[in-house]
Amino acid sequence: MVRIWSGASSNPGEPMRLIRLLKNDLAREAKAWVEEGLISEAQAARICDRYGVDLHQDGSRSLGYRVLVGLGYLFIGLAMITLLGANWDEIPRALRMWGLILLTVSTQVIALRHCLSGKHNAGVGLFLLGNFFYGASIILIAQIYHLGEHMPDGVFWWALGCLPFAVMTKSPWLALQANTLALIWFFIEISLGYYPGLFPLFVLSSVYVLWKGPRSVLLLLAVLVSSGLWLEYSLAVLWREDDQFFLFDFHAEHLVVAVALFILLFATAQRLASLPSSAARDYAAIISVWSLRFALLLLLVLSFSGPWKDLLDADWKHLPSMWGVTALLGGGALWLAEKAGRTSSVAALLVALLLAVSAVLLSRDQTHAVYYQVAANFCLIATGIWLVVRGIHSGISHYFFLGVLSILVTALLRYFDLIGDYVGGAVMFIVFAALLLGAAKYWKYQQSRERLL
Amino acid sequence: MKRKILLGLAAAIGFQFLTLIGMYLSAQMPLWTGEAIRLEAIPVDPRSLFRGNYARLEYEISHLDIALFPAGKRLREGEVIYVALTADRRGIYRFAGVSLKKPQQGRFLRGRIAGSGFRGAISSYRVRYGIEAYFAPKEKALGLETDLRKGGIAEVMVSKSGRARLKHVSANPAK
């Protein structure tokens, strides 16, 4: 029977990571144990503390309230912006503009007064709403004065105006608002051919809020996506051909950097998992799950010959800077892995990356693509088997199902897209079958040995 | 709440207020201090989810032939250019020249090279002057589309630095 823990501890004394829904279940169970006299309330509180759970679940109730209020404010903001889209010609422009500016400032002042009187959450909610009014005011000024020169500037000032509130209150919701607006600005700028140089300011502020403020998985994901996009687009600008820069202007080198980035993320997850804080362990689980999904997706793409042909045919004009950035990311990954005591797995991933890229650079012959494709398919199957075994061994259902899924998808894809010819395809399926049956046999052997011991 | 955070939040509110005032003044300044010129405009009619209905206008000076610029120099997106204008006998301002440096005299507009989205050989640059969007309620925008079908006249206020603000658009009586 597969347990539905989302993560398992490798050390006996270390608490297992629970998914959010199970945390609420644990709190409910612990309360029931107290009522039945199995444990004392103090013991229940200690058990819950161990997993970062609130025994009385006050937090989860107020979280639900806060989410609903936040969404309500979001819709008020959207209603205001949509109303502006109607261009009320009947109301004088000065009245429209000053009315909205007054509404913005008074909402923010009321929010500040709430914070002063100790109602922090209500204050944060009103700051969120005030920031929407602030954005609506910017849109209105652009509309009244027919400003159409450079639209991203308006979005930038909107994001920048939201930022200090996020940093001062350390609220993940306000940081998420500023970061999302910054991401919109980032993409508009990039699509128009400009480089948004101040974007790291928003990412760093979100990192500060993550570090100092309450835990937020959404903000963590926003930070990871923003950092990755910023690095890749910065390299795209550095590696541009001509004076011009375009959206999706990527090179083969970007893929190598992306893989190195995910190895760094994996190492970060290992380091966070080794920390005593339950928030750090939660973040570690999220990061490692997404790193794993990226690895499987990448292997799935590379299980076709097309991408390998493109890689073998690519110009690879920016090798020194590519190796430089990869070395920096790899060095960081090794340092974190060493701190977490997981150097070997991270080093193995880096060596695999180094070998694969070196092989492509030395070969540069499109007819070799099929060899790389076969190797990627075996890697995919091996990863699937490893995930199934790890899933069962550690009781991590996510790994188990992800492993089964990757094996089935590989088999299905290879059935539709036969490598070489029918005989070649049949040979590959036989080898896959042998690998799976071998793994099953090994698994049974291990189980019987454990029973004997 | 700590005094430092309180002051920081108050400063953040002040920053938002000053940003809005700054935007208002920067938008209003050419209208207060600029001189009026008239340009022939051709309307296109898009709709922005965030900004509402507006007529997108194009001008004779919205596309400039690549041969007008120094040979061998490919302009970058966002690069600032200055377009000199002279009035014809009807008082409509027309293209008189283009330079990468600000002219010392005469009427001119400050524009930016806009992205074409495609790499490779091009015959002209697209230039934006900040006078390409005329916002209006839906009915008025649709009416403008009909009125300006054969072309329109845009009344534009231009500051000494060449920054322009669109004041009004009307049908072109000559067409």
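A residue counts as buried when its relative accessible area is under 20%, as exposed when that area is over 50%, and as partly exposed in between, using a 1.4 Å probe and protein chains only. By that rule Trp316(A) is buried, with a relative accessible area of 7%. Trp316(A) sits in the loop between helix H12 (305-313) and helix H13 (319-340) of chain A; here helices (H or I, at least four residues) and strands (E, at least two) are DSSP runs, numbered from the N terminus.

Before going further, a word on what you are looking at. This is a predicted model, in which local features need pLDDT of at least 70 and side-chain atom pairs count only at pLDDT 80 or more, while totals for chains, interfaces and linings use all residues. Residues are numbered from 1 along each chain as its sequence is written, chains are lettered from A and ligands numbered from 1 in the order in which they are written, and side-chain values use heavy atoms, with hydrogens and water left out.

Back to Trp316(A): its phi is positive, about 50°, although it is not a glycine. Most residues other than glycine have a negative phi. Lys170(A) is another non-glycine residue with a positive phi, near 55°. Lys170(A) belongs to the loop between helix H6 (152-169) and helix H7 (172-191) of chain A, and at 24% relative accessibility it counts as partly exposed.

Now let us turn to the interior. A nonpolar core is a set of buried Ala, Val, Leu, Ile, Met, Phe, Trp, Tyr and Cys residues joined through side-chain atoms within 4.5 Å. The largest such core has 71 residues, and those that touch the most other members are Met97(A), Phe127(A), Ile141(A), Tyr145(A), Trp158(A) and Phe202(A). Helix H5(A) gives the most to this core, with 14 residues. A second, separate core holds 36 residues, including Ala258(A) and Ala376(A). In soluble globular proteins, nonpolar side chains tend to be buried together.

Contact here means heavy atoms within 4.5 Å. Leaving aside neighbours within four places in sequence, Phe202(A) is in contact with several residues, among them Phe156(A), Leu160(A), Leu163(A) and Trp185(A).

Which helix holds Asn131(A)? Asn131(A) is in helix H5 (residues 120-144) of chain A, and it is buried because its relative accessibility is 0%. The side chains of Asn131(A) and Gln16(B) are joined by a polar contact of 2.9 Å. A polar contact is a pair of N or O atoms within 3.5 Å; within protein, one must be able to donate a hydrogen and the other to accept it, and residues adjacent in sequence count only if both atoms are side-chain atoms. Beyond its neighbours within four places in sequence, Asn131(A) is also in contact with residues including Trp158(A) and Phe165(A). Gln143(A) is in helix H5 too, and at 2% relative accessibility it is buried. In helix H15 (residues 369-394) of chain A we find Asn377(A), buried at 0%, whose side chain reaches the backbone oxygen of Ser303(A) at 3.2 Å.

Next, the charged pairs. Arg215(A) lies in the loop between helix H8 (199-212) and helix H9 (217-238) and Asp282(A) in helix H11 (residues 278-302), so the pair ties together parts of chain A that are 67 residues apart in sequence. Asp282(A) is buried at 9%, whereas Arg215(A) is partly exposed at 34%.

Finally, meet chain B. This chain has 2 helices and 11 strands, and 43% of its 175 residues are buried. A salt bridge of 2.2 Å, N to O, links the side chains of Arg107(B) and Glu35(B). Arg107(B) lies in strand E7 (residues 107-114) and Glu35(B) in strand E1 (residues 35-44), so this pair ties together parts of chain B that are 72 residues apart in sequence. Elsewhere in chain B, Glu40(B), Glu60(B), Asp88(B), Arg90(B) and Arg94(B) are linked in a network of salt bridges.

Key: Salt bridge = Lys/Arg side-chain N within 4 Å of Asp/Glu carboxyl O.
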